[in-house]
Amino acid sequence: MIRTPFAAAPIIVCVALATAGLPVAAQSEQEVFGARYDRALAAGYKALMLCGAIASAERSGAGERSEASVLAYELQGIQKPLDAIAETLPYAITRWPGGTRPIRHVAVEWAPDMPPRIAFQRARGGCSLGPIGMTEDAIEEPAPSAPREKIVHWHTPRPGKVTAVLEAAMSGAYGKGTRTTAVSVNWGKDGWDWRFADGFSPFTPQRTWSVAKSIAATLVGVTEHRGANAIVTRTHGAITAPPLPILGWDRGEGDPRRAIAMDHLLRMASGRYSDTPGNRTDALYFGGASVEESALHWPLVHEPGSVFRYANNDTLTAVKAIAYSFDEHPPEEFFAKAGMSDTVAETDFHGDYVLSSQVWASTMDLIRFGQLYLNDGVLSSGERVLPEGWVTYVTTPSGPQPGTGTFGYGAGFWLLTKEAGVPADTFAAIGNRGQYVVIVPSREVVIVRRGEDPAGSGFDIAAFTRDVLAHLPK
């Protein structure tokens, strides 16, 4: 069954609205193509978010994420012009027969002369977005395994110290129009308090967006700690490397990209061009293009290591450089060791990890991620999974720095070293729509904030961090 919020309107009317804003005579060929492409992107966005949110919640055993919940959170307040388009597009969810009936795929209609956009669940968990034009009969994935029975170990919060700050965050006090779904503060050995929006819990997975970049940097560290230094070697606390064996960069002396080292990639300093800065990689994220074709081919425009440019392509390239290790040590191996049982890293249509953004993780998992860094890369079991000195490495601003804003950048993590009232060792994983994992080693504090903030709004994480710390014992 096709679902649409405007059931009385036939699909052809929705398509006709795509270019209704301009008289036909005023529309250039590029405007017509652009409007059509925006519809395809909006449909891809909707298909992937519905598939990822519902499938990840079912996989984790955290409880059902309803379609209404996803439409109200993940699919509200998204970037323009996709927001208005996505709201009108009809969709259908297809499940596997029998048993627990996990999601097989989500299809979203967008044009009468093209197949719907398809996002499908992988057998190992997570959803992938098919390329524009893919049909559902092209899905070759078998049914995913049955959801795990959730064994819930609730840590008893100790309310009082930061209660007022958490409740202020939930009420929107740290940014006009922001929508907080979860806040958690851990301090010392056993201090812990949290709050959640209706329908969310410590175990509800949400998309991490660019918090995934910090997870990707961590996987680089995990790879290095295993001694897999054919690509990554450590020299005097920094990462250097031979030419990265990607797309033939290492095949000849003539390719200047041979000078790009892993350190440059983790510090957003490869010097490569990209068509969009920041976290906009629409062709990959919503268009169904692959990591290889959308992120790895860009040429140099600056000497590697000389200019900071925050772009998904550097993180995607760093992950591709260690992809040789994933057959034996996939990301889920690390997640399991770290206790991040609700976390799943999704892939593109060809199976390459989109670890710049496309990771789903619960608040509890991000707490454990922050604790790993608070413990200098040592798990609660006592096993070291990150190299000694790794935390110092990722928090050292040895590369070029952002030209705007007050946050600095290390290697895969943001630095809050310039913020008044915040300890100088504070660093954070930060993602779109208000995802934050703030780590304050000198105060033994981990702060996690999850949100679905509308485009154009912003949660003031520095002010929130200051207020949290002011309420905790020094």
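1. Cysteine burial and the disulfide. In this predicted model, C51 and C127 are both buried. The two residues form a disulfide, with an S to S distance of 2.1 Å. The count of disulfides comes to one. C51 belongs to helix α2 (residues 29-60), and C127 to strand β4 (residues 127-129). The bond thus links distant parts of the chain, 76 residues apart.

2. Handedness. The torsion about the S-S bond of C51 and C127 is about -75°, so this disulfide is left-handed.

3. Loop residue E74. The loop between α3 (67-72) and α4 (82-88) holds E74. Is E74 buried or exposed? Its relative accessible area is 2%. The cut-off for buried is under 20%, so E74 counts as buried.

4. Surroundings of E74. The side chain of E74 makes a polar contact of 2.8 Å with the side chain of R65. Leaving out residues up to four places away in sequence, E74 touches Y45, M49, A53, R65, S69, W360, R433 and E452.

5. Three-stranded sheet. The strand order is β7-β11-β10 in an open sheet, and the pairing is antiparallel. β7 (206-207) and β10 (344-345) are the edge strands. Each has a single partner strand, so one side of each lacks a neighbour in the sheet.

6. Pairing of β7 with β11. Strand β11 covers residues 359-361 and runs antiparallel to β7. Two bridges join these strands. Which residue of β11 stands opposite Q206? That position is taken by A361.

Conventions
Residues numbered from 1 in each chain as written. Predicted model: local features only at pLDDT ≥ 70, side-chain atom pairs only at ≥ 80, totals over all residues. Heavy atoms only, no water. Pairing = 2+ DSSP bridges. Helix = DSSP H or I, 4+ residues; strand = E, 2+ residues; numbered from the N terminus. Buried < 20%, exposed > 50% of the residue type's maximum accessible area, 1.4 Å probe, protein only. Polar contact = N/O pair within 3.5 Å; in protein donor to acceptor, adjacent residues only side chain to side chain. Contact = heavy atoms within 4.5 Å. Disulfide = S-S within 2.5 Å.
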